[in-house]
Amino acid sequence: MRGAYLQGCGELGGRVAAAGQDRRMPRPPRDPLPDPLGSGPFEFGEAREADIGRGRLRRDDISHPHRGLYVPAGTVPEGIEGRCEALLPLLGPGQWFSHATAARLWGMPLPKPYRDDETLHVISLADGEANGRSLRMRRPGVSGWEGRSARGEVRGILPVISPADVWGQLATRGATAMGVTLTREWLVAVGDHLLTGPRVNGRRHPLCTRAQLEDAAARRRGARGARALEWALERVREPVDSPKETQLRMGLVALGLPEPEVQVAVDTAEGVQHADSETVRAGVLRGPDPHSDGRARMLVPGVLRGS
């Protein structure tokens, strides 16, 4: 409406409208960064070699996520992956994203949702060349760890500890937050998720096997959290759709009820459905309600076909 009015005011209106558009649209920097600095994270030493001064580095088209590291706007994705990509130039040989950070990257469920200010976890896997020196990363906003037995994979461009070993790491105090230990029940929920995997095009793609979980637990035997892993491993099941389903299953057992089966195919008056859990002896099932946007409901024998 305002634009149409200004266009009707002749040349002066056109100038005012153009000025308004200029204020709304961000202008490109007058001195763009030279290649390859403009295409991704770079260190302060690289900026000095390119004759880029501190004043240029302080402009709002460059972020400064870590000491000595700079990231041009729009060159890394948002969220946990972008933060990890920004830290990538500072990782040394044998350093991998681990613990809660690796869990986020693999899409594992955790008790609290991701926050942009949460600590990044990096583990340094020691080798014969360490000579007793600590290889732990020490930077603000980064929790550094050291280890020997974990296995890593490259996910996209990011070095990440493998899913089974991340599950083992989550039993360690401080793996998700300073001073916090993940409960045994949550270790079961994460294990359920790993064996079930995300659903892609209607098919499940497990992130690891039970044998890999057993191997991860065995390699941590005697370490902190080992007993919790052994307890959880006995109770991991698949396929399981969500942590809430895990919590329901374990809650029923804690009340003294038989352990429910998971994802049971149920022939109902509305067709075949897969219940979240089943208690055969009680004749009660819990599953998604097709009339309530996926929210759960109790399916009692009266709705079963032929009952």
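This is a predicted model: local features need pLDDT of at least 70, side-chain atom pairs count only at pLDDT 80 or more; totals for chains, interfaces and linings use all residues.
Leaving aside neighbours within four places in sequence, Leu187 is in contact with Trp167, Leu170, Ala171, Leu182, Ala228, Leu229 and Ala232.

Leu187 belongs to the largest nonpolar core, which has 51 residues. Together with Leu87, Phe97, Val166, Trp167, Leu170 and Leu213, Leu187 touches the most other members of that core. The element that gives the most to this core is helix H8, residues 184–196, with seven residues. There is also a second, separate core, made up of eight residues, among them Leu37, Leu57, Ile62 and Tyr70.

Let me turn to helix H9, residues 210–219. Its buried residues include Leu213, Ala216 and Ala217. Why do these three lie on the same side of H9? They do so because the arc they cover around the axis is only 95°. In general terms, an α-helix has 3.6 residues a turn, so residues three or four places apart point the same way.

Thr246 sits in helix H11, residues 243–254. Is Thr246 buried or exposed? Thr246 counts as buried, because its relative accessibility is 1%, and the cut-off for buried is under 20%. Apart from neighbours within four places in sequence, Thr246 is in contact with Glu185, Val188, Ala189, Asp192 and Val240.

The largest pocket holds about 490 Å³ of space. Its lining consists of 22 residues, and those closest to the centre are His121, Thr176, Ala177, Met178 and Val180. By class, the lining of this largest pocket divides into eight nonpolar, eight polar and six charged residues.

The second largest pocket has a volume of about 260 Å³. Fourteen residues line the second largest pocket, and Ile123, Glu146, Gly147, Ser149 and Arg220 lie nearest its centre. Which elements give two or more residues to this lining? They are strand E6, 142–147, and helix H7, 163–169. The largest share, three residues, comes from E6. In terms of class, the lining of the second largest pocket has four nonpolar, five polar and five charged residues.

How values were computed. Residues are numbered from 1 along each chain as its sequence is written. Side-chain values use heavy atoms; hydrogens and water are left out. On a 1 Å grid over the protein atoms alone, a cavity is a set of points where a 1.4 Å probe fits but cannot get out, and a pocket is an open set with protein on both sides within 12 Å along at least five of seven lines; lining residues have an atom within 4 Å of a point. Grid points are joined across faces, edges and corners, and a volume is the space filled by probe spheres set on the points. Ala, Val, Leu, Ile, Met, Phe, Trp, Tyr, Cys and Pro count as nonpolar, Asp, Glu, Lys and Arg as charged, and the others, Gly among them, as polar. Helices (H or I, at least four residues) and strands (E, at least two) are DSSP runs, numbered from the N terminus. A nonpolar core is a set of buried Ala, Val, Leu, Ile, Met, Phe, Trp, Tyr and Cys residues joined through side-chain atoms within 4.5 Å. Buried means under 20% relative accessible area, exposed over 50%, partly exposed in between (1.4 Å probe, protein chains only). Contact means heavy atoms within 4.5 Å. The arc is that of the directions from the helix axis to the C-beta atoms.
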